[in-house]
Amino acid sequence: ARASLGTAQERRLSSDERSQLRELGFVVLRGIVPPPLVERARRAILATLAEVPGKILAAGTPAEQAAYPQVGALGSSPAIRSLLSETKVWGAVSDILGEGSVNVPGGAQVAPRFPEVLGDEDRRGSQPQGPPSRWHIDGMDRDLAAPFGVLCSIAPSDVHSPGMGNFTVFPGTHTHLCHLLRDRGADWVRGSATRPALPADPLEVTASAGDIILAHPMLAHRVG
């Protein structure tokens, strides 16, 4: 379904924010979600994780299932949906895509990151942020690359330095990947062995609780 801003709050991007989104493929908007709603969402996540191990579900390929646990149906709960519907997040997304043209999402992905043992290179590789080939665009392995208009990541807790499970981006790669998709088709994105080198180094985005990261759907990214 499509909806207008409704009860959500308006948020217009500044010219500088628009320029960063256009040139780098992402922008951080500070303090968009009020602290009470952030705390509500964080408590819901922690309560779900504390219930039973079976609440931690995985989705995607076997490799993704092992690496990126997700918290089941929590993404469609009121505590998570309110981060969009009752805040300036909806206003910011509508400002980018056009008011009244945004599909109301059925839910969100809740993918907590857990601490790793220092020196454990089994998953992240020998580099602090993992090998350069570890990146994706959503939907790339399901013949549905970039199945949405804008990627919105909301920080439920502070990530003020690298190595805290930060949302990680490859700045500027949205234009590079759009050109590759146009010139080569979708076959080149299937499977990690065929993913091309990117013309940018990974950047672990820092944020405070309540900040949001808006990203172009074709921007290469990964978890930290």
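Colleague: Arg 43 and Glu 39 lie 4 residues apart, but in which helix?
Modeller: This is a predicted model. The spacing of 4 residues is about one turn of the helix. Arg 43 and Glu 39 also form a salt bridge, with 3.0 Å between the closest N and O atoms. The helix that holds both is H2.

Colleague: Are Arg 11 and Glu 17 buried or exposed?
Modeller: Arg 11 and Glu 17 form a salt bridge, their closest N and O atoms being 3.0 Å apart. Both residues of this pair are buried.

Colleague: How many residues apart in sequence are the parts tied together by Arg 30 and Asp 211?
Modeller: The closest N and O atoms of Arg 30 and Asp 211 are 3.0 Å apart, and the two form a salt bridge. Arg 30 is in the loop between strand S2 (26-29) and helix H2 (35-51), while Asp 211 is in the loop between S8 and strand S9 (212-215). The pair therefore ties together parts whose separation in sequence is 181 residues.

Colleague: What is the relative accessible area of Asp 211?
Modeller: Buried means under 20% relative accessible area. Asp 211 is buried, because its relative accessible area is 4%.

Colleague: How many salt bridges does a search of the whole structure find?
Modeller: Some of the charged residues are linked in a network, namely Glu 10, Arg 12, Arg 18 and Asp 95. For the whole structure, the search gives a total of 8 salt bridges.

Colleague: In the open sheet of 3 strands, which are the edge strands?
Modeller: The order of the sheet is S8-S7-S10, and the pairing is antiparallel. S7 (residues 167-169) pairs with S8 over 2 bridges, and Thr 168 has Glu 204 in S8 as its bridge partner. The strands that pair on one side only are S8 (203-204) and S10 (221-223).

How values were computed:
Residues numbered from 1 in each chain as written. Predicted model: local features only at pLDDT ≥ 70, side-chain atom pairs only at ≥ 80, totals over all residues. Heavy atoms only, no water. Pairing = 2+ DSSP bridges. Salt bridge = Lys/Arg side-chain N within 4 Å of Asp/Glu carboxyl O. Buried < 20%, exposed > 50% of the residue type's maximum accessible area, 1.4 Å probe, protein only.
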